[in-house]
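Here is a short briefing to read alongside the model on your screen. Have the viewer open and follow along, topic by topic.

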Amino acid sequence: MNPLPYLPALAAALAAAACGVLFALSFTAWLLCEPAARRGVYRPRPWLALALFSLLSAITYTLLP
């Protein structure tokens, strides 16, 4: 069995997993912030990581042979 067709799907799955972990960490940081710090310039942005996770998960599903 040739593992080469699975390589792009594996790379996208690893990137999706990293974005999922980033979402969990940034969402926790966002919850622990004071309300004033949630609106600042340097606030955690968990929704961007969630969007990337969703996109990369869909790409992984598409690339699987």
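Predicted model: local features only at pLDDT ≥ 70, side-chain atom pairs only at ≥ 80, totals over all residues.

The protein chain has two helices and zero strands. Its radius of gyration is 16 Å, well over the 11 Å that the globule rule gives for 65 residues, so the chain is more spread out than a compact globule.

**The chain as a whole**

- Along its principal axes, the C-alpha trace of the protein chain spans about 55 × 15 × 15 Å.
- How many of the 65 residues count as buried? The share is 15%.
- The protein chain exposes about 5000 Å², and carbon and sulfur atoms supply 76% of that area.
- If you take the contacts between residues at least 6 apart in sequence, 65% of them join residues at least 24 apart.

**Helix α1**

- Helix α1 covers residues 7-32. With 26 residues, α1 reaches 38 Å from its first C-alpha to its last, close to the 38 Å expected at 1.5 Å a residue.
- The buried residues of α1 are Ala9, Ala12, Ala16, Cys19 and Ser26.
- Which element do these residues pack against? The buried residues of α1 pack against α2.

**Helix α2**

- Helix α2 takes in residues 46-63. Its 18 residues should span 26 Å at 1.5 Å a residue, and the end C-alpha atoms of α2 are 26 Å apart, which agrees.
- The buried residues of α2 are Pro46, Ala49, Leu56 and Thr60. They cover an arc of only 90 degrees around the axis, which puts them on the same side of α2.
- The packing partner for the buried residues of α2 is α1.

**Alanine 9 and threonine 60**

- Alanine 9 is found in helix α1. Its relative accessible area is 2%, which is under the 20% cut-off, so alanine 9 counts as buried.
- Not counting residues up to four places away in sequence, alanine 9 touches Thr60, Leu63 and Leu64.
- Threonine 60 lies in helix α2. Is threonine 60 buried or exposed? With a relative accessible area of 13%, threonine 60 is buried.
- Beyond residues up to four places away in sequence, threonine 60 touches Ala9, Ala12 and Ala13.
- A polar atom of the threonine 60 side chain lies 3.5 Å from the backbone oxygen of alanine 12.

**Alanine 49**

- Alanine 49 is found in helix α2, and at 4% relative accessibility alanine 49 counts as buried.
- Which residues does alanine 49 touch, not counting residues up to four places away in sequence? They are Cys19, Leu22 and Phe23.
- Alanine 49 and leucine 22 are 27 residues apart in sequence, while their C-alpha atoms are 6.3 Å apart in space.

- Serine 26 sits in helix α1 and is buried, with a relative accessible area of 13%.
- The side chain of serine 26 reaches the backbone oxygen of phenylalanine 23 at 3.3 Å.
- Leaving out residues up to four places away in sequence, serine 26 touches Pro44, Arg45 and Pro46.
- Serine 54 has its place in helix α2. At 41% relative accessibility, serine 54 counts as partly exposed, because that value falls between the 20% and 50% cut-offs.
- Serine 54 and proline 35 are 19 residues apart in sequence, with 27 Å between their C-alpha atoms.

How values were computed:
Residues numbered from 1 in each chain as written. Heavy atoms only, no water. Helix = DSSP H or I, 4+ residues; strand = E, 2+ residues; numbered from the N terminus. Buried < 20%, exposed > 50% of the residue type's maximum accessible area, 1.4 Å probe, protein only. Polar contact = N/O pair within 3.5 Å; in protein donor to acceptor, adjacent residues only side chain to side chain. Contact = heavy atoms within 4.5 Å. Expected span 1.5 Å × (residues − 1). Arc of directions from axis to C-beta. Rg over C-alpha atoms; globule rule 2.2 N^0.38 Å. Areas by Shrake-Rupley, 256 points an atom, 1.4 Å probe, with all protein chains shown as cover.
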